[in-house]
Amino acid sequence: MSRVSPYAHLYVHVPFCARRCSYCDFAIAVRREVPVADYVTAVADELRLRGASTSCAPLDTLYFGGGTPSRLGGDGVERLIDAVREQVILAPGAEVTLEANPEDINAASAAQWRRAGITRLSIGIQSFDDRVLRWMHRVHDAAAAEAAVHVVRGAGFDDLSLDLIFAVPDMLERDWSRDVDRMLALEPTHLSLYGLTVEPHTPLGRWHARGDIQETSEDRYALEFVDAHERLCAAGFEHYEVSNFALPARRARHNSAYWRVVPYLGVGPSAHGFDGRVRRWNVPAYVAWATALRTGTDPIEGSEELSQDNRSAEAVYLGLRTANGLAVTPAERNHVGPWLEAGWVEWTDGTVQDRLRCTVQGWLRLDALAADLTALRSR
């Protein structure tokens, strides 16, 4: 059997961006004019190729990620959703998320996204400091970010996720606390906070290699992460995954499906999919992906059948990165005893010692803790 169950989650990668951000190593296609018609046709072709009409149950979540999906505009997003709906059914109450950048948001586009069926927006703000935004090569400024949030609220969106990046280089003199204050003032329902990482094949990677910038210290990284945790939890947010916070009942259902390792279908350049046994991924370049589909060729680049060791390692890592925690055996309790004493982990309900979760201090050590417990399980 190829799948544990029919797909209830669909990811659609929209690669287009106005420019490449300084830290970005994602599969994107920088275009002044977005080829909406060709792109939507290619998505429809891949959905047919993947047998979406027969392999998908009514979708619980549909996620348009990127890239910058909002670059499609109001008409483009509506055409894309229509193309998806021709082949799959959305369940009642389905979560339909669109990633958007502030510069693409206006009253007309927001209203059209809402009418088309988008239920949730994830807005990439990254900072409220204009100097930092210019350094990141972002197109918008802080005022545009705040205005965009007010516009989408006026269009009827009440499920809003905002992204911020922390731990930027000290030379930028960014006031992290001020950014958190301005983010909270916009009253989002969900927040994603990502520590800046230096990837080699990016402008940031080149700056770092030349010695033009230095990464912030581990102490500064930890200070900003813990500060955000404390302030957001005090404001009523649940820190439910290492990088994600949500108000009660506002967790991201689509991303949570990834962390539960359930099957999902992915289409678009660089998109990944998982059928319960095998992971596959598409070619990353937009032109190669679109050309393959136009000529009747599968744009898949590779696949991997998960071994038992793979599954075990993923179970540990994904379990420890979420507030739901990880089931541990009696034999493992002694091993994690020092972690409990150090305050890196805790029992999920405080008493029954069979399910472990990371504290905020543990999340700062997530990779090391997961590797240690994975090694123990592989013996």
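Helix α12 gives the most to the lining of the second largest pocket, supplying five residues. Since the model is a predicted one, please read everything below as computed from that prediction.

**The second largest pocket**

Let's stay with this pocket for a moment. Its space comes to about 410 Å³. There are 24 lining residues, and the closest to the centre are Ser 256, Trp 259, Arg 260, Val 261 and Leu 318. At least two lining residues come from each of α10 (253–259), α12 (308–321) and β15 (326–327). What classes of residue make up the lining of this pocket? It has twelve nonpolar, six polar and six charged residues.

**The sheet of nine strands**

Next comes an open sheet of nine strands with mixed pairing, in the order β9-β10-β8-β7-β6-β5-β4-β1-β11. The edges belong to β9 (238–241) and β11 (265–267); each has a single partner strand, so one side of each is left without a neighbour in the sheet. From one strand to the next, the twist averages 20°. As a reminder, strands of a sheet pair through backbone hydrogen bonds, either parallel or antiparallel.

Within this sheet, strand β6 (residues 120–126) and strand β7 (residues 160–166) run parallel and are joined by five bridges. If you want a spot to look at, Ile 123 stands opposite Leu 162 in β7.

| Helix | Strands touched | Direction angle |
|---|---|---|
| α3 | β1 (7–14), β4 (56–66), β5 (90–100) | about 150° with β4 |
| α9 (residues 218–234) | β7, β8 (190–195), β9, β10 (244–246) | about 170° with β8 |

**A helix pair**

The axes of α3 (residues 73–85) and α4 (residues 107–116) come within 8 Å and cross at roughly 10°. The two helices are therefore roughly parallel to each other, as angles under 35 degrees count as such. Which residues make the contact between them? On the α3 side they are Gly 73, Gly 74, Asp 75, Val 77, Glu 78, Ile 81 and Arg 85, and on the α4 side Ser 109, Gln 112, Trp 113 and Ala 116. Sorted by class, this contact has four nonpolar, four polar and three charged residues.

**The sheet of three strands**

Another open sheet has three strands in the order β12-β13-β14, and its pairing is antiparallel. Its edge strands, β12 (272–274) and β14 (300–305), each pair on one side only. Neighbouring strands here are turned by 15° against each other on average, with direction ignored. Strand β13 (residues 278–282) pairs with β14 in the antiparallel sense over five bridges. Look for Trp 281, which stands opposite Gly 302 in β14.

**Two backbone details**

Finally, here are two places worth checking if you work with backbone torsions. The peptide bond from Gly 66 to Gly 67 is cis, with omega near 20°. Gly 67 lies in the loop between β4 and α3. The other place is His 137, which has a positive phi of about 70° although it is not a glycine. Where does His 137 sit? It is found in the loop between α5 (130–135) and α6 (142–154).

Methods. Residues are numbered from 1 along each chain as its sequence is written. This is a predicted model: local features need pLDDT of at least 70, side-chain atom pairs count only at pLDDT 80 or more; totals for chains, interfaces and linings use all residues. Side-chain values use heavy atoms; hydrogens and water are left out. Axes are lines fitted to C-alpha atoms, for helices over the stretch in contact, and angles run from 0 to 180 degrees between N-to-C directions. Helices (H or I, at least four residues) and strands (E, at least two) are DSSP runs, numbered from the N terminus. Angles under 35 degrees count as roughly parallel, over 145 as roughly antiparallel, 65 to 115 as roughly perpendicular and the rest as oblique. Contact means heavy atoms within 4.5 Å. Ala, Val, Leu, Ile, Met, Phe, Trp, Tyr, Cys and Pro count as nonpolar, Asp, Glu, Lys and Arg as charged, and the others, Gly among them, as polar. Two strands pair if DSSP finds at least two bridges between them. On a 1 Å grid over the protein atoms alone, a cavity is a set of points where a 1.4 Å probe fits but cannot get out, and a pocket is an open set with protein on both sides within 12 Å along at least five of seven lines; lining residues have an atom within 4 Å of a point. Grid points are joined across faces, edges and corners, and a volume is the space filled by probe spheres set on the points.
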